[in-house]
Amino acid sequence: VDNIPDMLFVKSYDHRLSFKIWNKAAEEVTGFKAEEVLGKTDFDFFPEEQALAFTAKDKQVFEKREVLLVPQEEITSLGGQKRWLRTRKVPIYRPDGSPELLIGVSTDITDELSLQ
């Protein structure tokens, strides 16, 4: 997981959508270390407007029961730096069909956008 070049995160499907996995690329993009993130939610790290948007998209993944592609979304890193990500969010279900996890894979597209 830590060798994947893209940001990878996993959230549990609970009332909080708390982080269960946070790889090295996620640390590099956001500035937040895994030990700071695990067990916490977007609201613990990102501005409220961003956290609300991330959470709404997470819930949409489970409501529609399908992979969601977010072509570009802004994220604010630990130092206040703005980055742009392209993210796929994938729902994982238990054998009984109830939601269990959300897997997210994000590519930092900041440099691509600055070339346009």
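Isoleucine 4 is placed in the segment before strand E1; strands (E, at least two residues) and helices (H or I, at least four) are DSSP runs numbered from the N terminus. The structure is a predicted model, in which local features need pLDDT of at least 70 and side-chain atom pairs count only at pLDDT 80 or more, whereas totals for chains, interfaces and linings use all residues. Residues are numbered from 1 along each chain as its sequence is written, and side-chain values use heavy atoms, with hydrogens and water left out.

The chain has a mean pLDDT of 93, with 98% of its residues at 70 or more; pLDDT is the predictor's confidence in each residue, on a scale from 0 to 100.

Isoleucine 4 counts as partly exposed because its relative accessibility is 35%, where buried means under 20% relative accessible area, exposed over 50%, and partly exposed in between (1.4 Å probe, protein chains only). Together with Val1 and Ile21, Ile4 makes a nonpolar surface patch of about 230 Å². Patches consist of residues with over 30% relative accessible area and no salt bridge, nonpolar side chains (Val, Leu, Ile, Met, Phe, Trp, Tyr) being joined within 5 Å and like charges within 9 Å. A salt bridge is a side-chain nitrogen of Lys or Arg within 4 Å of a carboxyl oxygen of Asp or Glu. Accessible areas come from the Shrake-Rupley method with a 1.4 Å probe, and for residues only the protein chains shown count as cover.

Strand E1 pairs with strand E2 (residues 19-22) in the antiparallel sense over three bridges; two strands pair if DSSP finds at least two bridges between them. Phenylalanine 9 stands opposite tryptophan 22 in E2. The hairpin of E1 and E2 has six residues between the strands. Leucine 17, found in the loop between E1 and E2, has a positive phi near 55 degrees, although this residue is other than glycine. With a relative accessibility of 6%, leucine 17 counts as buried.

Strand E3 (residues 68-76) runs antiparallel to E4 and is joined to E4 by seven bridges. Threonine 76 stands opposite lysine 82 in E4. Five residues lie between E3 and E4 in their hairpin, and glycine 80 in the turn has a positive phi of about 85 degrees. E4 is also joined to strand E5 (residues 99-108), in an antiparallel arrangement with nine bridges. The bridge partner of proline 91 in E5 is leucine 102. The hairpin of E4 and E5 likewise has five residues between the strands, and glycine 97 in the turn has a positive phi of about 90 degrees.

Threonine 87 lies in strand E4 (residues 82-93) and counts as buried because its relative accessibility is 0%. Its side chain makes a polar contact with the side chain of serine 106 (2.7 Å). A polar contact is a pair of N or O atoms within 3.5 Å; within protein, one must be able to donate a hydrogen and the other to accept it, and residues adjacent in sequence count only if both atoms are side-chain atoms.

Phenylalanine 43 is found between helix H2 (34-37) and helix H3 (48-64), whereas arginine 65 is found between H3 and E3. The C-alpha atoms of phenylalanine 43 and serine 18 are 9.8 Å apart in space, the two residues being 25 apart in sequence. Arginine 65 has a positive phi of about 55 degrees although it is not a glycine.
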